[in-house]
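I opened this notebook to record what I looked up in one structure. The entries follow in the order in which I made them.

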Amino acid sequence: MNRRILTLLAALLPVVVFGALLTAVTVPFVSLGPGPTFDTLGMVDGKQVVDIQGTPTRTTSGHLNMTTVSQRDGLTLGEALALWLSGREQLMPRDLVYPPGKSREEVDEDNDAEFRTSEQSAEYAALGYLRYPSAVTLAEVHDPGPSAGALQRGDAVDAVDGEPVYTVEQFTKRLSATKPGDTVAIDYRRKNAAPGTARITLGENKDRPNGFLGVSVLDAPWAPFTVEFNLANIGGPSAGLMFSLAVVDKLGTGTLAGQNFIAGTGVIKPNGQVDSIGGITHKMIAAREAGATVFLVPAENCYEARSDPNGLQLIKVDSLAQAVDALRTLTGGGQPPSC
């Protein structure tokens, strides 16, 4: 082998090694970027994203899109470099997204649980805004448990053994006088069904001496119809605000968005408070690329959102009521609060 070939091979060797590293070596980073958006007033897989059954609803106009952040894990060195150079993706240490001691499956389960909680909070916030009265509401019916098959999640409890209960405090006080093995009569109202009475033999819970009903309850606005959210595999709580707005729009005038393409994000509490979220700049990119011209920003995220508005009109919101008022101002030709 002559000297020229040896020199060429020596020069190519680092390139070959580096190329192999790019494709074979994984890095401890996760990329975050723009994710899919969904119109909460529209359809997905043949179903309404926000499906209300048991009461008349309005025909809506415009868009109220919820937004997401995409995640990519298990990146090779080459993939990480390409995503970083694209300018659309953010690389974060994997431990910040998937904490040590938790598997990816466990983190995903936590995110799914947060999403389900956000759906429940979105319903309560919307019903509260629309002034539906509060009731002792079953947030969960534990299965197995004494009430499984007799009571359902979403039932409103009106009385225990004929004694009316109007708050969780009254409900808890009434059950505190029972013991395991007692049978209690629970008068309840059920969505899209006739009211009824369930007779339940109380179980035993090692953490308390009184009888165990096997339910989780809260004081929450209650309506006799159902609200279902038909989005799957969308983890985290940040869709809550847009879900609530869709419920309010469908049960109200149907004109919150007007003819505008509005997108947004925000964690919502059952009382209607809107809290901050992560990844807002990625969500704004996704919204703009989907066609949005207006973006609802939690007040605490305004500083970050202003750094790169992506051509969007940014509306600052700190509560569901304020978001509804801002949209009405916008569709009426006024100037809503901005970031």
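**Entry: loop positions with positive phi.** I located Asp 45 in the loop between strand S2 (43-44) and strand S3 (47-48); strands are DSSP runs of E of at least two residues and helices are runs of H or I of at least four, numbered from the N terminus. Asp 45 is not a glycine, yet its phi is positive, about 50°. With 79% relative accessibility, Asp 45 counts as exposed; I use exposed for over 50% relative accessible area, buried for under 20% and partly exposed for values in between, with a 1.4 Å probe and protein chains only. I then looked up Arg 131, which is in the loop between H4 and S7. Arg 131 also is not a glycine and has a positive phi of about 70°. Arg 131 counts as exposed because its relative accessibility is 74%.

**Entry: source notes.** The model is predicted, and local features need pLDDT of at least 70, side-chain atom pairs count only at pLDDT 80 or more, and totals for chains, interfaces and linings use all residues. Residues are numbered from 1 along each chain as its sequence is written, and side-chain values use heavy atoms, with hydrogens and water left out.

**Entry: cis peptide.** I found a cis peptide bond from Asp 143 to Pro 144, with omega near 5°. Pro 144 belongs to the loop between strand S7 (134-141) and strand S8 (156-160).

**Entry: Pro 34.** I placed Pro 34 in strand S1 (residues 29-39). Pro 34 is buried because its relative accessible area is 14%. Between Pro 34 and Ile 285 I noted a C-alpha to C-alpha distance of 6.2 Å, although they are 251 residues apart in sequence.

**Entry: nonpolar core.** Which residues touch the most other members of the largest nonpolar core? They are Val 50, Leu 241, Phe 243, Leu 245 and Leu 296, in a core of 41 residues. Such a core is a set of buried Ala, Val, Leu, Ile, Met, Phe, Trp, Tyr and Cys residues joined through side-chain atoms within 4.5 Å. Among the elements that give two or more residues to this core are strand S4 (50-53), strand S5 (63-72), helix H6 (240-251) and helix H9 (320-331). H6 gives the most, with seven residues. In soluble globular proteins, nonpolar side chains tend to be buried together.

**Entry: helix H4.** I located Glu 109 in helix H4 (residues 104-129). Glu 109 counts as exposed, at 54% relative accessibility.
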